[in-house]
Amino acid sequence: MASVQELVKSDPWQVPEKFLVDRNEEDEPKSDLSSKIPIIDLSLLSRGQKEELDKLDQACKEWGFFQVVNHGVAAEVLQEMKYATAKFFQLPLEEKNKIRMASGGFQGYGQVDGVTRGETMDWSDQLVLTLYPAQYRMLNSWPTEPEGYKEAIEAYSSEVKRVGEELLRSLSLIMGMEKHTLLELHKELLQTLRVNYIPPCSMPDKVLGLSPHSDASTITILMQEDNVTGLQIRKEGEWVPVKPIPNALVVNVGDAIEIWSNGKYKSIEHRAVANVGKLRISYASFLFPHVDVEVGPFDHMVESSRTYKKVKYGDYLTTALKNKLKGKAHTEMAKTGS
């Protein structure tokens, strides 16, 4: 598949038909809800402050998305990751292609979602790397240029891991369990990084940087650009832009938490749009259980009937990744009656 970045370089005004999507007026974002997206203070959560835990509970029930501040990740770590990533995508295509994603593979540089003949393609390129556990890393898929990029990825991802583990402890508490329960259930906490490179587009209302989907993860932790809005979440049938807060991290509930909570906490559809004059790079870290873990509703979270059944997480993930994600269609395999 051709690099979208190279397409734009060769002709900034051309948008090939395979990228064109049919977006109607109802699909356009409503920004009046943007200011209501919850903001969670991780320093207060870490101390077990009840008010902040209640805010987290409400955020997961009503939004499935929230922004995290006071997370303790140094601004220099965030900025170095952004700086080094920008340098990577500025490299010649032949250099980036040295770590080209293999057909059917999920690590390296390229386009990650399975696209069958006739399906619309997303207006983005990706760099995807498995970080933890370290033995799952495919180091031949890691960039060797620019100098220092590996170290920047390592520093950023280890901090995201720390933040993620802290959030899972808090999620355990609001789900009525001991704080270490969720982490222990994962057996090994797996973490994958997906960097999305969404170039400017001459027809931004006719393409999507990332098509609407929910994440198959437990939680996803996202770093946005400070000055480019592109992420949108579906709330009450409308698309709501998630406006960046400098140095904040955006967190969303993944499908695994929705299943464990029997639907109390929502894994929300979201998408990324392109901008007419601005490049946008985002950094999504997916945290998820070991493939052998069975994921199903906790008994104490089933109030009347079970929305979800128990599934082996590896089977669920394979189904989710087999095709291009379309909304929440992939969650059907985990529902009772399927």
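How many cavities of 30 Å³ or more does a search of the whole structure find? Two. The search runs on a 1 Å grid over the protein atoms alone, and a cavity is a set of points where a 1.4 Å probe fits but cannot get out. A pocket is an open set with protein on both sides within 12 Å along at least five of seven lines, and lining residues have an atom within 4 Å of a point. Grid points are joined across faces, edges and corners, and a volume is the space filled by probe spheres set on the points.

Some housekeeping. This is a predicted model, where local features need pLDDT of at least 70, side-chain atom pairs count only at pLDDT 80 or more, and totals for chains, interfaces and linings use all residues. Residues are numbered from 1 along each chain as its sequence is written, and side-chain values use heavy atoms, with hydrogens and water left out.

Next, the largest pocket, with a volume of about 820 Å³. Its lining has 40 residues, and T192, R194, F286, F288 and L321 lie nearest its centre. Elements giving two or more residues to that lining include β4 (125–132), β5 (190–198) and α9 (313–322). Helices (H or I, at least four residues) and strands (E, at least two) are DSSP runs, numbered from the N terminus. The largest share, five residues, comes from β12. The lining of the largest pocket divides into 20 nonpolar, 13 polar and seven charged residues.

Now helix α3, residues 50–62. How far apart are its end C-alpha atoms? They are 18 Å apart, which agrees with the 18 Å that 13 residues should span at 1.5 Å a residue. The expected span is 1.5 Å times one less than the number of residues. The buried residues of α3 are E52, L53, L56, D57, A59 and C60. They cover an arc of only 165° around the axis, so they are on the same side of α3. That arc is taken from the directions from the helix axis to the C-beta atoms. Buried means under 20% relative accessible area, exposed over 50%, and partly exposed in between, with a 1.4 Å probe and protein chains only. Exposed K50 and E51 sit on the face turned away from the buried side. Among the elements covering the buried residues of α3 are β1 (39–41), β2 (65–69) and α6 (149–174). Just after α3, G64 takes a positive phi of about 75°.

Helix α6 has 26 residues and reaches 37 Å from its first C-alpha to its last, close to the expected 38 Å. Just after α6, G176 also has a positive phi, about 80°.

Leaving aside neighbours within four places in sequence, G110 is in contact (heavy atoms within 4.5 Å) with R100, M101, D125 and Q126. The C-alpha atoms of G110 and D125 are separated by 5.6 Å.

Q90, in the loop between α4 (75–89) and α5 (93–96), is exposed, at 58% relative accessible area.

Note on methods
Ala, Val, Leu, Ile, Met, Phe, Trp, Tyr, Cys and Pro count as nonpolar, Asp, Glu, Lys and Arg as charged, and the others, Gly among them, as polar.
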